[in-house]
Amino acid sequence: MLVALTIAVSVTALALAAWCGFAAYRDQPTKDWHFIGMAVVSVLALAQLVVGIVQLARGQEADQGTVIFVSYLVGAVLAIPAAGFLSLTERTRWGSVTVSAGAVVLAVLEVRLYDIWGH
């Protein structure tokens, strides 16, 4: 795993959580620019998935097992798109809360991925 990429995903996810949390505080639903932020975070998570799979293909192994590592990678990639989809179905402040919660979940998944890989 690339530590810099893990940090980048975590920081951007927490920034997205704060941004959408502020929108919820202001009683606003998710807007187009929030979806742009979600896309940026999702692309970083997708890059991490690719890096993780390439490292596994090169013969490196996660300390706590390949299956759990790949499961967490896939979960990390899907966290923000799932929250974004749910926010589209709830066009109130709670949609912004959903994205904020999904971004916090992604940041927690990143910490766990770091632990699973074994640094």
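User: What is a nonpolar core, and which residues have the most contacts inside the largest one here?

Analyst: A nonpolar core is a set of buried Ala, Val, Leu, Ile, Met, Phe, Trp, Tyr and Cys residues joined through side-chain atoms within 4.5 Å. Buried means under 20% relative accessible area, with a 1.4 Å probe and protein chains only. This is a predicted model, in which local features need pLDDT of at least 70 and side-chain atom pairs pLDDT 80 or more, while totals for chains, interfaces and linings use all residues. Residues are numbered from 1 along each chain as its sequence is written, and side-chain values use heavy atoms, without hydrogens and water. The largest core here has 27 residues, and those with the most contacts inside it are Leu16, Val41, Phe69, Ile80, Leu106 and Trp117. Two or more residues each come from α1, α2, α3 and α4, and α4 gives the largest share, eight residues. Helices are DSSP runs of H or I, at least four residues, numbered from the N terminus.

User: Which residues does Trp117 touch beyond its sequence neighbours?

Analyst: Contact means heavy atoms within 4.5 Å. Leaving aside neighbours within four places in sequence, Trp117 is in contact with Met1, Gln55, Leu56, Gln60, Glu61, Ala62, Asp63 and Phe69. Of these, Met1 lies in the segment before α1 (3-25) and is buried, with a relative accessible area of 9%.

User: How is the packing of α3 and α4 described, and at what angle do they pack?

Analyst: Two packed helices are described by the angle between their axes and the distance between the axes. Axes are lines fitted to C-alpha atoms over the stretch in contact, and angles run from 0 to 180 degrees between N-to-C directions. Here α3 and α4 pack at about 170°, with axes 8 Å apart. They are therefore roughly antiparallel, a label for angles over 145 degrees. The contact includes Phe69 and Ile80 of α3 and Leu106 and Trp117 of α4. Its residues divide into 16 nonpolar, six polar and two charged; Ala, Val, Leu, Ile, Met, Phe, Trp, Tyr, Cys and Pro count as nonpolar, Asp, Glu, Lys and Arg as charged, and the others, Gly among them, as polar.

User: What does α2 pack against with its buried residues?

Analyst: The buried residues of α2 pack against α1, α3 (66-89) and α4 (93-117). Among them are His34, Val41, Leu49 and Leu56.

User: What is the phi of Asp27?

Analyst: Most residues other than glycine have a negative phi. Asp27, in the loop between α1 and α2, has a positive phi near 65°. Just after α2, Gly59 also takes a positive phi, about 105°.

How values were computed
Buried means under 20% relative accessible area, exposed over 50%, partly exposed in between (1.4 Å probe, protein chains only). Angles under 35 degrees count as roughly parallel, over 145 as roughly antiparallel, 65 to 115 as roughly perpendicular and the rest as oblique.
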